[in-house]
Amino acid sequence: MPATDKELAAAAVGGKLAAYDSLMQRYEGLAYKLAFGLAGNRDGALDIVQAAFLQAYRNLARFRGESAWKTWLLRIVLNEGRDWRRAQRRRHERHLPLELAAEPEAPGPGPEETVLRREKRDRLLRSLRGINRRHSLALALRYFEGLRVPEIAEILGCNETTARNMLFRGLRRLRAELAEKVEAAP
C-alpha cells in the first residue's frame, strides 16, 4: 500500500529525499496547472512550481499535518505565483491569468466539433479573465482542479463560507459575462 502524504512528509523531514521525491511526483501536475493559471505561460508556470517545491522542502518541518499536504503545497504555489506576478509587473510584462488552465481538448470526431469546442473554451477563459481575480481563482480550483470547498478555503486563506460565497458570486458573474458575449456575437 502506498504511503500517505503525512508519512512521506515525516520521512522527508527525517532526511529521506526519496520520500520528498514521491510527494513531488504526486502533486507536480496539480501544482503546474495552478501555476499555469496564475502565470499564463509555460515558462512562468515552471518557475512558480520550482520555487514552490523548493519553498515546501525548506519549510517541510513546519508542516504539522493539520491540513492535507496537497492544500498546504497549493497554498505555497499560490503565494509563489503572486510573488512571480508582482515581479513580472515590475518588469512591465503582462500575462493573462488562467490562460489555458482547462485541460487541453481531445480532438473531436470532426474538425467542426474541434473548432466549436475551442471557441467555447476560449470564450470561457476570456469570461473568467473578466471577473474578480479571487472569484476566478476559486472557480478554477473547483471546476478545473476538482477541489472541495474546504481545500479551496485553505488555499485562498479564507473560511469556508467566504469560499462558497466566492464560488457563488463567481459563477453568477461568469454567467453574466458569458451571456454578454453571446449577445454581442454576430
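Biologist: What share of the contacts in the protein between residues at least 6 apart in sequence join residues at least 24 apart?

Modeller: The share is 62%, where contact means heavy atoms within 4.5 Å. This is a predicted model, in which local features need pLDDT of at least 70, side-chain atom pairs count only at pLDDT 80 or more, and totals for chains, interfaces and linings use all residues. Residues are numbered from 1 along each chain as its sequence is written, and side-chain values use heavy atoms, with hydrogens and water left out.

Biologist: How many helices and strands are there in the protein?

Modeller: There are 8 helices and 0 strands. Helices (H or I, at least four residues) and strands (E, at least two) are DSSP runs, numbered from the N terminus.

Biologist: Why is His135 called buried?

Modeller: Buried means under 20% relative accessible area, exposed over 50%, and partly exposed in between (1.4 Å probe, protein chains only). His135 has 17% relative accessibility, so His135 counts as buried. His135 lies in helix 6 (residues 133-144). Apart from neighbours within four places in sequence, His135 touches Met166, Arg169 and Gly170.

Biologist: What makes Gly29 partly exposed?

Modeller: The relative accessibility of Gly29 is 38%, and therefore Gly29 counts as partly exposed. Gly29 belongs to helix 2 (residues 17-39). Its C-alpha atom is separated by 9.6 Å from that of Val49, 20 residues apart along the chain.

Biologist: What percentage of the 186 residues of the protein count as buried?

Modeller: Of the 186 residues, 39% count as buried.
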